[in-house]
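Reader: Please show me the model, and then take me through how its chains meet.

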Number of protein chains: 4
Amino acid sequence: MTTGFFNGIAPAKYVGDGEGTEFDYRHYNPDEMVMGKRMEDHLRFAVAYWHSFAWEGGDPFGGATFERPWHPQDNQSRAKLKADVAFEMFDIIGQPYYCWHDADVRPEGDTFAQSLRNFEEIIDYFGEKMSSRNIKLLWGTANMFSHRRWMSGASTNPDPDVFAYSAATVKTCMDATQKLGGENYVLWGGREGYETLLNTDMGRELDHMGRFLNMVVEYKHKIGFKGAILVEPKPQEPSKHQYDYDAATCYGFLQKYGLENEVKLNLEQGHAILAGHSFEHEIATAAALGVFGSIDMNRNDYQSGWDTDQFPNNVPEVALAYYHILKAGGFTTGGTNFDAKLRRQSLDAADLIASHTGAMDICARGLKAAAAMIEDGGLENALQERYSGWDDPAAKAMLESDFDSIFDKVNAGEIAPAPRSGKQERLENIVNRFV
Amino acid sequence: MTTGFFNGIAPAKYVGDGEGTEFDYRHYNPDEMVMGKRMEDHLRFAVAYWHSFAWEGGDPFGGATFERPWHPQDNQSRAKLKADVAFEMFDIIGQPYYCWHDADVRPEGDTFAQSLRNFEEIIDYFGEKMSSRNIKLLWGTANMFSHRRWMSGASTNPDPDVFAYSAATVKTCMDATQKLGGENYVLWGGREGYETLLNTDMGRELDHMGRFLNMVVEYKHKIGFKGAILVEPKPQEPSKHQYDYDAATCYGFLQKYGLENEVKLNLEQGHAILAGHSFEHEIATAAALGVFGSIDMNRNDYQSGWDTDQFPNNVPEVALAYYHILKAGGFTTGGTNFDAKLRRQSLDAADLIASHTGAMDICARGLKAAAAMIEDGGLENALQERYSGWDDPAAKAMLESDFDSIFDKVNAGEIAPAPRSGKQERLENIVNRFV
Amino acid sequence: MTTGFFNGIAPAKYVGDGEGTEFDYRHYNPDEMVMGKRMEDHLRFAVAYWHSFAWEGGDPFGGATFERPWHPQDNQSRAKLKADVAFEMFDIIGQPYYCWHDADVRPEGDTFAQSLRNFEEIIDYFGEKMSSRNIKLLWGTANMFSHRRWMSGASTNPDPDVFAYSAATVKTCMDATQKLGGENYVLWGGREGYETLLNTDMGRELDHMGRFLNMVVEYKHKIGFKGAILVEPKPQEPSKHQYDYDAATCYGFLQKYGLENEVKLNLEQGHAILAGHSFEHEIATAAALGVFGSIDMNRNDYQSGWDTDQFPNNVPEVALAYYHILKAGGFTTGGTNFDAKLRRQSLDAADLIASHTGAMDICARGLKAAAAMIEDGGLENALQERYSGWDDPAAKAMLESDFDSIFDKVNAGEIAPAPRSGKQERLENIVNRFV
Amino acid sequence: MTTGFFNGIAPAKYVGDGEGTEFDYRHYNPDEMVMGKRMEDHLRFAVAYWHSFAWEGGDPFGGATFERPWHPQDNQSRAKLKADVAFEMFDIIGQPYYCWHDADVRPEGDTFAQSLRNFEEIIDYFGEKMSSRNIKLLWGTANMFSHRRWMSGASTNPDPDVFAYSAATVKTCMDATQKLGGENYVLWGGREGYETLLNTDMGRELDHMGRFLNMVVEYKHKIGFKGAILVEPKPQEPSKHQYDYDAATCYGFLQKYGLENEVKLNLEQGHAILAGHSFEHEIATAAALGVFGSIDMNRNDYQSGWDTDQFPNNVPEVALAYYHILKAGGFTTGGTNFDAKLRRQSLDAADLIASHTGAMDICARGLKAAAAMIEDGGLENALQERYSGWDDPAAKAMLESDFDSIFDKVNAGEIAPAPRSGKQERLENIVNRFV
């Protein structure tokens, strides 16, 4: 027996160019082989519980618009109804993974212990539902930014009691993630940053955040959690400045606290845009630095200065993201999460389904284009050719030498560089053969 | 005998509230004691040779506007005329330092060797001028972005010949800096980045840049240069993306290549703005990470998305910058350089003088306000009070403990955080008592 | 008998350089004469009921933080408590004006009629409070963006029922504004715009918005409302694009619908920043186009891409705003409203007072500096001198002539323009003598 | 006999899915019918003489990179060589139109008269070349921003002599445009704006610019020029603020000076982005306001804050632009100009060809997708359905009524709006069926 929320929408199936409903897949074909691997295993799609089921449609200028039967989310029976609907959606969409924060799935209790009991009951409820389905947990995480106790940060809070509360919270979320067989554990520090430097001791806060993340890693090893620990960069919002600004900043932070081999990154397209980067930049940066983990494939509106968390809809952009992921070897524990929310005017159950299936088709197209670019080899060949001078033993030797010896050759006129075309437009044309 | 370029503008002197010319100082009083140190020794002002004397007033949509007598800058006699005028300006302004790139001061030769001969002749000419004046070199640097050979980068160029040419160039600039007693050597990687990832091997380029910077440090030690090596962060322009994006990114880079104790940062207000930060953020970040070095005190227009390099004119902003510099202990080898250019409509010699003396007065006001905030202590007291919970031994012990032990206390209800006001507006009011 | 909310904070008084509490005024001295007018009459300060009393401290990533005794705002007795506290704050601050939206002051009813009864009761309650105090209504306005019925716009809604509901709502707010002697009526179209062009008929929506605004003006004349009708530009947020983007866009809209002589603009610093302008740009634009009305003096954080609505804290910026207001003749019906909200971590009643009194002091300093710049005359003289060529009768005659006659003179070599310095830095130095 | 510059690159031909060179068209098929019109007649491609032939590859941080045989551009023989190469490129690409500024095509003379003689000689040279080819002039324009005489504006210059020089210049360019059968005349006011309000009388400058544009229209009628007069919006750069900020701002300006029926807009994707808009927003706005004219289809990098003028490479974005153009009835006198420049590292002649042919293929794909969306009708049907309530006579009557009569119905409870889904994601899915 179903909740009836999706009232008659049938499970989405791959139809390719054939006839199908609005919700069927034209491109996402889980079993199709791409570069020797099933498409599903490449993309590893996940639905975000938070945006799709807990968010009520409010924004800074207006209240809830969605009015779901499980709103307001203040008791366990509505929390279970929400779970019922969520898994019904997973059955329709057929994606292999989902993700949650603790606060999405259970009502807040009057005490920590009560919140925990609520949480554990729902986690067990999830466990039952997962046992009868082909659905896994990509990652769990703790929401340590919504409740007012976290208004000044979690691990970076000036109040040590909040640090303690945060530590206890993450422990319970890591426990639940492990219990459900989650493949990663994510930390996003929404308020790990500042509103004004006037009331902030940045050095102290960074040290506390570094110690906290070390505790996470210590706890992971203690409980034998096999998944990856992921940090999610974002430059700002809700904080004016967040310490996990972007991939390069996170890498510096991980090194400072000795964690660059223990922690990887969960990168989001929208966060990349807000930080002034392209998504492929963040992926390529994390890959170059050895900390690429997983992605949130939700875009930001280019004309909005806040986090719009929209479903992806631009194939060429998505293709470049997967091109860099494939070049980095593809996902291991990571996957493609949609940390995306419906527009607040998209009130219907059909909007919830179509937004996900449309996004999955976009990603499937992007993946196939990326694979085709790799198999074509034109881009990679051009790249190798451009740097081929460095394959010369003399060039390698130069890197091991010093300024004086290099100077002698240059001053003697032995070296006179001749600029060569960077061919950007021609390379862009190659990309456009495939997207 | 003077060039007559500044035709009758007398040396600027401190007049305070008294009568004075448009060019005299109302606030900059070199010998005035501020927190136990002469104002001049706090601020350590430097003039940038490049913008003030070499730039001709062009922009992407138009050509030269300035038409100085030493333009075009293609022979040594005009290079010497330029130097004559520059030192005449230093005599008028009375700042203690200046800075140069090699390409600002000498004409490009047909060969490296010829360029070097031109350069060395001018450096000697500078040396003579400095010997009779109270003017020192804050830093030297190499321009490795203007000539077309560097269009695809210097140390990160796909062509090893360009790496070689860059190494030889930096050697000569470090030699010249040392010869003139320079107190720092700066590297700004204007084209150390990329235009498109399609033709870029980011990992390889970062490794080359890391090796290059190690060569710089090795050479510094070899020649016994006592000054600091400084890297200058900037997010973009001319490159679409520059590897030295901001302070936090540079810190990660320095750690990766083992340089975090050898290299510090030269921070620029305009670059901070382009990277999405406030200037005080970059200063506080560098200070927290132990890599604060020097500053370029030139602002960016908040409504323009490119590098406008304007002289500072907002006292409250400047005061916050110096507040964080004073909190970090003030400058050691660093100083306040104006990497600022006149607006291209500011054609007159008087504009060149007034822009500098006005900026120095702004900075003097900022410094005095910053010192007053520190001496008042209200901001620092509020900060200490906010974090006072962490002075509790139990809080410190918690940092050394683990998730399980913290969890037990939280779950037992022993810890229930109570939010306290962040008092941002009240702290801003304190600042406004002093600026 | 008071509510006790402000627990002992005494009315703020002007103390100048003398001793005073944190809340007293150092610069705002209502009776001080500035350019022949009382400072209070220049500045015409207003408090915004919405941000200061109705906003609960939530943001897109977190819930309420403030927990005022009148929250949640769902019944009339709490609405009256809120009003009691508000007027107690007005008594402490001593500003001459306040502003409201209907939805700030009354609980939403189950029907329009019920909401209206709630509203009218509170308006009467306000009227009583105003009768015993020196406090006036600067403007009233309707909140037509928070309730879900307005999620797709008010007058631009695709559903004519929403247009109707909006018309009825504005009528009641105009009635209430008139009843309380309000000096202006403001329309801010928070959702008069679009999320996506895919579901938007822009031409139709503009026509509906134009007709709606004409109805407002017709109703104003019908009821004999003597105040000004003001439209408030904002580029985006909550909508991705708002039709009232900025001052220039609004002016085009007003002309298209024949309203340029009936409607003026309420300009906000934060909205100017979001639109890519400086605040003084928007003021100067409105003044040049003859539609300057009133201001919201709340700043936007330069590093945040959303509407931060912070209290002003930068005197030089505020001074330039008032400089252009004074040049335009100063306020007539308009004033200086603080459409500003506390940071959500600023939990205390003292924060509410200090934020306002600090802002008023900033504005007072800005006004005095602006007046001094005008009285000095240096800026205006330089401006007149720069355009003095146009005072030549030949120049004026040229404007009345045609291309052929001008061409003849130019081609004959009679006219050869010689660039003159724009003197920007020297003018900025003049400003810095006064701020 | 050819110049040999394009050394063996054969004319690009349409090959579709067949074999072809890197330069052949896969999508642009001039004679293919799209919605009943030849593709060539829909797209009306034009090459910009300026970027492709006159620009030398400099940027604010570096000098020329291209080193074409016709650089430096200081005599007539090199100007003719440049023209020879340009028309050879037109022969290869096969686009139907091109565009120029006066300053692109001729060397600057010592006097106006000399510049004019140079210009007229080249225009005649162009005329000869055009007479033997299928190439037409889409538009001509005057460069009134590069030479230092225009550093403070053209028609808005504080110096009336510059206004005169500008008037004479535009006259000669309109004459030349007419002589060559140009279909439009464009004005882009690169320095018609300001650097600082401190030295700017905005009202006066707007009046001068309004008068100047009226003179343009008067001259058009006098000489019987049948083409359209187009103004090109841009928010900033080179000026800090340009008066022709965006489409809506230009419309307000045109109305103020009585020109809204005489002048239309030339919209550029990159300028839209810099103004905070999408390109389709600017097109839809101009269409809604009745002033849509022509486009410059060159994109801006989303992460760069200056005008990057890149060739288009994102089909979904291009498709949405053409969708709105087709909805507005398609081009009349306008067309698709590439005001795009090679990246400065793209040194080769092959880059110049491939950038244009790749861009034309992108546009052809966009056009075909746009036509398919229109022929499908799904988007338009959804739009009509969304606004269908307004087709009700009662709704239309309401627009003619007044607040009182509407209020009576709403207050009586006859109207209670029920929100309906905006369906954004489902509409985006429809778009993605076609792009």
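This is a predicted model: local features need pLDDT of at least 70, side-chain atom pairs count only at pLDDT 80 or more; totals for chains, interfaces and linings use all residues.

Author: Residues are numbered from 1 along each chain as its sequence is written, chains are lettered from A and ligands numbered from 1 in the order in which they are written, and side-chain values use heavy atoms, with hydrogens and water left out.

Reader: How much area do chain B and chain A bury between them?

Author: Contact means heavy atoms within 4.5 Å, and 92 residues of chain B are in contact with 91 residues of chain A. Buried area is the accessible area (1.4 Å probe) that two parts lose on being put together, summed over both. Carbon and sulfur atoms carry 67% of the total, which is about 8,100 Å².

Reader: Which residue of chain A forms a salt bridge with B:Lys171?

Author: A salt bridge here is a side-chain nitrogen of Lys or Arg within 4 Å of a carboxyl oxygen of Asp or Glu. The rule finds 6 of them across the interface of chain B and chain A. With its closest N and O atoms 3.6 Å apart, the partner of B:Lys171 is A:Asp404.

Reader: Through what do the copies, chain A and chain C, meet?

Author: Of the interface residues of chain A, 100% are also interface residues in chain C, so the copies meet through the same surface.
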